[in-house]
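The stops below can be selected one after another.

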Amino acid sequence: MHVTTNNAAASVRKGSNAQKVTLPGAKSNKTASKKKDEDEAVDIGDGKALTVPPDQLKLTEAELKEEITRTLTANNPHAPQNIVRYSFKERSYKPILVVDQMAVLFEMEGNLVHIDSDEGRRLRAKECLSEETATVDTEAEPDKEESETRATSVEDGGEAEEAGDEDRPDSVASKIDKKEPKITNQFNFSERASQTLNNPLRERSCQTEPPPRSTFSATANQWEIYDAYEKELQKQEKNKEKQKAVPSKKDDDESKKKIMPLETQHNDLTKVARVAKILERMVNQNIFDDIAQDFKNFEDPSDEFRGQEGTLLPLWKFQYDKAKRLSVTALSWNKKYQDLFAAGMGSYDFSNQGRGMLIFHTLKNPSFPEYIYPTNSGVLCLDIHEQHSYLVAVGFYDGSVAVYNLKKKGQEPVYMSTAKTGKHTDPVWQVRWQSDDLDNNHNFYSVSSDGRVVSWTLSKNELVFRDIIRLSLDSAVSEGPEGAQQPSIACGTSLDFHKHIGYLFLVGTEEGKIHKCSKWYSSQFLETYPAHSMAVDAVKWNHFHPKVFISCSSDWTVKLWDHTIKTPMFTFDLKAAVSDVAWAPYSSTVFAAVTIDGTVHVFDLSVNRHEAICQQQVVDKKKTKLTTIEFNPIHPIIIVGNDRGYVGSFKLSPNLRKKPKTKKGQEAPKGPEVEVAKMDKLLSLSGELDQNTV
């Protein structure tokens, strides 16, 4: 649309837009400014005053006559021109050609009705009575306002204002003459009913966990039906007896009141204890988060530059304040729960014997033990049952053995040997669980300094013992009547059963000899090895190879044996008394030993047959002595005990658990056969392999 204008018309419009109209009822303080406006006003034909603003642009005649052409379009300059939308039909984005050009400047929805409309007239007709009363009230108010305005105009010389009001047809005076009520604007406000918006409906639902289900099935035999009837008859008889001896109601109520609070308190305490245990583990996991991350993810990258050597990364440190003055005499991992291990606390100082302690620690909570069992005598050895992981056999310094059940409440053992039931007369140095007997009774074996190797069977009420063999210095055992003199007795210090041949076991003695024995021959040894010059502290069969075992002693040496040969296959001098040795569960050629100078030695015979690939001091050399060591059955960590009551855990670096290299494209062989082949190759290199087996 083309619009042609000139500057003169524009200037007139600007002047007309700036006209000043005086409304009725204006205050007297505006009269002075109104006179100035009348002096400066320009008269127009209709009698209205036109005011020229002082900042108006003054144009010449030529500029006023100049025509200016402006083109008005209906397009919105701010409307977007590049909108695209995805077309599912053509599977691509398409531009939108039609764009909405309408721009809404102001929009408001209301319920006002114009006074001159048809609907307004109908409403006024319906509200005649209320309107008449309203007009009476409004007539009185304008009279007051008119008198006030007139008074103010007389005082301030408002004659010009009255003249202007008389000229205006919509002035207040004209309306009063017509006897019409004064209204503030041209709209009439009326009350009308309206409906509010309904709140949107919301549906909330929750799903509970399904109750636990269990499938039960049984075969109903004749004797089972008979037993069920017998039980029912016994219940009925007991109920009859109770009814005969019913106490008074008052006594019954009082007894119930006493019992109920105790039961509720016990239930509340057990619930709180379980929740507190979970919270304690969460807090400890946050506190030791850096150690947990190292345990799970850290692999020492410096092994690539060390060649074949490796390191031990310190992890958690386990301790119990009440066991600080005791030595860690035994360690054993739980085979079912691989994060749980047991620590036996006692003393090797024979002149300072006293109490002991059996403690269970977990990797999930290194700050406090999971189970604590105080003992009257020091613990020297322990073993956790492989299938029934809640049963723990313990040997004490006073010669007794005991079995603890972690499922039972209380701190007392479920089985305990006494002098009547074959208790040892000297300290028990080793206990080992064995497979159940023909009657499915659990049993374990123990060795003591009194020279006896005893089998203990767990019956219903007590421990039943049976002497397997008696150790003697001349390797022969005499079975005379009681009171008969026997040859000098050899003191047993260590014991271990063969991993594959159930009846075969080894016994280490204080004199430095190792005896190979059988459960079925109690009168003689199968073989005797002149192993060490001092006491044999530990003897252990290899987990994979059926012929190989290892021993350590206080004579500073660790020796590797083939049980078919009387001489050792390998001898390692560690330059300090060796306290304990342990085979790795993941390799047939890896073992670790600890010495009293605080050093851990890790050997891998497939890598180096002469020296340890890791020698690391883990405690203070002068103050602390290492006593025992154990490998975790799954994780690449070891735990080490010392004579200060602490148990330290360490992670093996990649070089200490390296697998044999394979050619590209071939998978690494797995299984026990591979480990047996590794040890066979090692023995063949020594040139002393004997093909005879037991």
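Select Gly512, which is found in the loop between strand S23 (504–509) and strand S24 (513–518). Strands here are DSSP runs of E with at least two residues, helices are runs of H or I with at least four, and both are numbered from the N terminus. The model is predicted, so local features need pLDDT of at least 70 and side-chain atom pairs count only at pLDDT 80 or more, while totals for chains, interfaces and linings use all residues. Residues are numbered from 1 along each chain as its sequence is written, and side-chain values use heavy atoms, with hydrogens and water left out.

Is Gly512 buried or exposed? Gly512 is buried, with a relative accessible area of 1%; buried means under 20% relative accessible area, exposed over 50%, and partly exposed in between, with a 1.4 Å probe and protein chains only. Now show its contacts (heavy atoms within 4.5 Å). Beyond neighbours within four places in sequence, Gly512 touches Tyr529, Pro530, Ala531, His532, Met534, Ala535 and Val536. Next, draw a distance from Gly512 to Ser553: the two lie 41 residues apart along the chain, and their C-alpha atoms are separated by 7.8 Å.

Move to Ala535, in the loop between strand S25 (527–530) and strand S26 (536–541). With neighbours within four places in sequence set aside, Ala535 is in contact with Thr509, Glu510, Gly512, Cys552, Ser553 and Ser554. Lys513 is 22 residues from Ala535 in sequence, and the C-alpha to C-alpha distance is 8.0 Å.

Over residues 529–562 the chain is 59% strand and 0% helix, and the end C-alpha atoms are 11 Å apart.

Two loop residues with positive phi come next. Asn440 sits in the loop between strand S18 (428–434) and strand S19 (443–448). Its phi is positive, about 60°, although Asn440 is not a glycine. Asn440 is exposed, with a relative accessible area of 62%. Lys575 is placed in the loop between strand S29 (570–573) and strand S30 (578–583). Phi of Lys575 is near 65°, again positive in a residue other than glycine. Lys575 is exposed, at a relative accessible area of 67%.

Then select Arg274, Lys277, Glu370, Tyr371 and Leu406, which lie nearest the centre of the second largest pocket among its 31 lining residues. Helix H9 (249–287) and strand S13 (371–375) are the elements that give two or more residues to this lining. H9 supplies the largest share, nine residues. By class, the lining divides into eleven nonpolar, nine polar and eleven charged residues. Nonpolar covers Ala, Val, Leu, Ile, Met, Phe, Trp, Tyr, Cys and Pro; charged covers Asp, Glu, Lys and Arg; the others, Gly among them, count as polar. A pocket is an open set of points on a 1 Å grid over the protein atoms alone, where a 1.4 Å probe fits and protein lies on both sides within 12 Å along at least five of seven lines; lining residues have an atom within 4 Å of a point.

Buried residues make up 36% of the 694 residues.
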